[in-house]
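User: I'm new to this one and would like a close look at its salt bridges. Could you walk me through them, then show me what else sits around the chain?

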Amino acid sequence: MAAAPGGRPRCLLWAAVVAHVVASGAGFVEDLDESFKENHKDDIWLVDFYAPWCGHCKKLEPVWNEVGIEMRNMGSPVKVGKMDATSFSSIASEFGVRGYPTIKLLKGDLAYNYRGPRTKDDIIEFANRVAGPLIRPLPSQQMFEHVQKRHRVLFVYVGGESPLKEKYIEVASELIVYTYFFSASEDVLPEYVTLPELPAVMVFKDGTYFVYDEYEDGDLSSWINRERFQGYLHVDGFTLYELGDTGKLVAIAVIDDKNSSVEHTRLKSIIQEVARDYRDHFHRDFQFGHMDGNDYINSLLMDDLTIPTIVVLNTSNQQYFLPDRHIESTEDMVQFINNILDGTAEAQGGDGLLQRIKRIIYDAKSTIVSVFKSSPLLGCFLFGLPLGVISIMCYGICTADTEGEVFEHEGAKKESDDRELTDEGSEEEQEEEKNGKYTELSDGELKQKDIMEKKKD
């Protein structure tokens, strides 16, 4: 098939334009130096603290350039920058940087850490949420409906000035990194909402709403922290890390999303039904969801789980629970959860000494295997070279000991021979000594004979 006239030049031109756009993204991200310490309070900054040698930082760089372009195009007041935390380590330390990359939004004297997925949309959403008003007013029903469509979870304060509102503002300043906080008057709320009293704090999610009750739900901050997730989630590593702050047990259906077999879809449906139909029974203690694939859960549990399966994680102490029989229905799952709550279900894992040692061995083994899988030559170099050096050293030590024993044996033999020569003399000397002895005996006999002859005379 013939190429269209001018097709190749057009492709080259398009590639050059794309490359220019990507490269120009760096122009929307400012390189920060020591002057940033004094000047950052004049603006709102979204900053990536990185290290030049960090692989994760290099992976984030093109995403960060896209963030800079998008924030500039949307007219955001947030400035996007990056700082080499190894060159300006004292400044990075003052901002509480402990690892790389670290993403922070700096707003006056406040610094907010970003701990979500490192994607352009998630980072921008975080920046817009934290940079905006702490409490966002909802002046009309139309605005309320618009916000409700945009956000899966939203918290709303209803009422005038009160100690509850002061507490609500305090909690919002702490948890704005995770979710949105709104305020509204009672007449703005949907018609299906009924409040027992005012003021009130509500959360809208899962197609319904729940009202905060101080006596049943405890501290407002803890309640909001627990309720900031939907009742059922698609759980990944980042989500599971954040769920650790809620203090809840996490019930997960570990499945293959690409597998449409009955068993995979059935376990997922069972978890969804329990999350929906038994919310009043379990929502204070349990979070529900599913996880695609078992790679992450295997590394977490240091075990090979066959999917599909169900596992309940205690993120506070690294314990986990596996059902002792096959989960066939919602009733089976409810019974399994009740067994966990009453302590009859067997807990596995934990953070004891033996588990920590097992974790060290497992991590070391996983690291070695991953290195050899990704780059066999690098694995041979990293692990073969030290083993070769150790082998040579051991061989040298063993060889030196053997030669020392030989030399010592030969020296002892020589010393023994010398001692024999010193004590007994040579063979000639021994022969002469023997002849001399016989001569002395003969002279004695002669003398004794002369004496006897004289006595006879």
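Analyst: **Salt bridges up close**

Count them up and you get 18 salt bridges, a salt bridge being a side-chain nitrogen of Lys or Arg within 4 Å of a carboxyl oxygen of Asp or Glu. Keep in mind that this is a predicted model, where local features need pLDDT of at least 70, side-chain atom pairs count only at pLDDT 80 or more, and totals for chains, interfaces and linings use all residues. Residues are numbered from 1 along each chain as its sequence is written, and side-chain values use heavy atoms, with hydrogens and water left out.

Let's start with Lys41 and Asp109, which form a salt bridge whose closest N and O atoms are 2.9 Å apart. This pair ties together distant parts of the chain, 68 residues apart: Lys41 is in the loop between helix 2 (36-39) and strand 2 (44-50), and Asp109 is in the loop between strand 4 (102-107) and strand 5 (110-113). Helices (H or I, at least four residues) and strands (E, at least two) are DSSP runs here, numbered from the N terminus. Lys41 and Asp109 are both exposed. In this text, exposed means over 50% relative accessible area, buried means under 20%, and partly exposed is in between (1.4 Å probe, protein chains only).

Next up are Glu216 and Arg284, another salt bridge, with the closest N and O atoms 3.4 Å apart. Here too the pair links distant parts of the chain, 68 residues apart, with Glu216 in helix 8 (residues 214-217) and Arg284 in the loop between helix 12 (279-282) and strand 13. Glu216 counts as exposed because its relative accessibility is 57%, while Arg284, at 33%, counts as partly exposed.

Now for a pair within one helix. The side chains of Glu263 and Arg266 meet in a salt bridge, 2.8 Å from N to O. Both sit in helix 11 (residues 262-277), and being 3 residues apart, they are separated by about one helical turn. Glu263 is partly exposed at 24% relative accessibility, whereas Arg266 counts as buried at 19%. Elsewhere, salt bridges that share partners join Asp31, Glu61 and Lys82 into one network.

What about the rest of the chain? The protein has 17 helices and 16 strands, and of its 457 residues, 35% count as buried. Helix 9 (residues 220-227) has 7 of its 8 residues buried, so it is largely enclosed by the rest of the structure. Among the buried residues there are Leu220, Trp223 and Arg226. Asp219 caps the N-terminal end of helix 9, with a side-chain oxygen 3.1 Å from the backbone nitrogen of Ser221. That brings in polar contacts: pairs of N or O atoms within 3.5 Å where, within protein, one must be able to donate a hydrogen and the other to accept it, and residues adjacent in sequence count only if both atoms are side-chain atoms.

Another buried spot is Asn294, with a relative accessible area of 17%. Asn294 lies in the loop between strand 13 (286-292) and helix 13 (295-301), and a polar atom of the Asn294 side chain is 2.7 Å from the backbone oxygen of Leu305. Leaving aside residues up to four places away in sequence, Asn294 touches Val254, Leu305 and Ile307, where contact means heavy atoms within 4.5 Å.

Most residues other than glycine have a negative phi, and most peptide bonds are trans. Tyr100 and Pro101, though, are joined by a cis peptide bond with omega about -10°, and Pro101 is in the loop between helix 4 (89-94) and strand 4. A cis peptide bond also joins Leu198 and Pro199, with omega about -5°, and Pro199 falls in the loop between strand 8 (181-184) and strand 9 (200-205). As for phi, Asp206 has a positive value near 55°, in the loop between strand 9 and strand 10 (208-211). Gln318 has a positive phi near 65° and lies in the loop between strand 14 (309-314) and strand 15 (319-321). Asp206 is partly exposed at 40% relative accessibility, whereas Gln318 is exposed, with a relative accessible area of 53%.
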